[in-house]
Amino acid sequence: EGRILRCEHGTRAIVRRELDGSRRVLADHYQGQRLNAPNDLVVANDGAVWFSDPTYGIHSDYEGERATPELPTRVYRLGLDGQLQVMIEDMVQPNGLCFSPDGRILYVADSGGDADRLLPDGTLQPANGRRLGPRHIRRFAVGERGELSDAGVLADLSPGLPDGIRCDSAGRLWSSCAWGGAAHNGVRVYHPDGNLLATLHLPEVVSNIEFGGAKRNRLFITASQSLYAITVNASGARLP
């Protein structure tokens, strides 16, 4: 409908830009506590907004404002009734997320490789400089009422980290890959069974990806200092 949904690190909120240009906050608290730093979102077939809430925006003043987490890192579902529901809370740093074309699988990147973690019981689990955390993409089966069943890890991107992920119309998963050294910077393409199909190398750290263009076969890639675009032999999965 022309309205824009976005995650804001500075305000720690999910926001919708209305057609008249006004800004509407859809979610910024859960049970009276502030969200950490909403990072990525996707709209499900039923119109609900699913989003990840890692702590990247409050680690420092670079992406948002430094602050102490009030909530564990989670994936939430924001229903059309405005109710916020916790869907996943066993990830260190839930990041990019997307649905399969039929909406039956939810993919979520966990880029918590070197991160401290606030557990649901309020305990802080420190990384202590060790590579404790995950560097993988998980998949979840989505039930008729939005309930999730853990379907395991689709792919481990070690030594790199996944960030933004998107599905194409054939169900293949495209993921950014970064922070594993120059040889691993780029985009990886996975079959739904987890097999690596292709790798696109880039000379910079890659963060997010998105399909666009009239035929949705133009892949846009955000990197540390550049925006790249390449025409690919695939088209992005359509939004509901």
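Tyr30 and Tyr76 are both buried, where buried means under 20% relative accessible area, with exposed set at over 50% and partly exposed in between (1.4 Å probe, protein chains only). This is a predicted model, in which local features need pLDDT of at least 70 and side-chain atom pairs count only at pLDDT 80 or more, while totals for chains, interfaces and linings use all residues. Residues are numbered from 1 along each chain as its sequence is written, and side-chain values use heavy atoms, with hydrogens and water left out.

A search of the whole structure turns up four aromatic pairs. Rings of Phe, Tyr and Trp (its six-membered ring) pair if their centres lie within 6.5 Å; planes under 30 degrees apart count as stacked, over 60 as edge-to-face and the rest as tilted. Tyr30 sits in strand β4 (residues 29-30) and Tyr76 in strand β8 (residues 74-78), so to speak two distant parts of the chain, 46 residues apart. Strands here (E, at least two residues) are DSSP runs, as are helices (H or I, at least four), and they are numbered from the N terminus. Ring pairs also bring in Phe51, giving a cluster of Tyr30, Phe51 and Tyr76. Trp174 and Phe211 are another buried couple. Their ring centres are 5.3 Å apart and their planes lie at 85 degrees, so the pair is edge-to-face. Trp174 belongs to strand β17 (residues 173-178) and Phe211 to strand β20 (residues 206-212), so the pair ties together parts that are 37 residues apart in sequence.

Now for the start of the chain. An open sheet of three strands runs in the order β1-β2-β3, with antiparallel pairing; two strands pair if DSSP finds at least two bridges between them. β1 (4-8) and β3 are the edge strands, each pairing on one side only. From one strand to the next, the twist averages 30 degrees, taken from axes that are lines fitted to C-alpha atoms (for helices over the stretch in contact), with angles from 0 to 180 degrees between N-to-C directions. Strand β2 (residues 13-17) and strand β3 (residues 23-27) share four bridges in the antiparallel sense. Arg16 has Arg24 in β3 as its bridge partner, and Val15 stands opposite Val25 in β3. Five residues lie between the strands of this hairpin, and Gly21 takes a positive phi near 90 degrees.

That leaves the pockets. A pocket is an open set of points on a 1 Å grid over the protein atoms alone, with protein on both sides within 12 Å along at least five of seven lines; a cavity is a set where a 1.4 Å probe fits but cannot get out, and lining residues have an atom within 4 Å of a point. The largest pocket has a volume of about 1,400 Å³, a volume being the space filled by probe spheres set on the points, which are joined across faces, edges and corners. Its lining counts 50 residues, with Asn39, Asp40, Asn95, Asp163 and Asn208 closest to the centre. β20 gives the largest share of that lining, six residues. The lining of the largest pocket splits into 26 nonpolar, 14 polar and 10 charged residues; Ala, Val, Leu, Ile, Met, Phe, Trp, Tyr, Cys and Pro count as nonpolar, Asp, Glu, Lys and Arg as charged, and the others, Gly among them, as polar.

The second largest pocket has a volume of about 410 Å³. Of its 15 lining residues, Arg3, Leu5, Arg16, Leu26 and Val49 lie nearest the centre. β3 supplies the largest share of this lining, three residues.
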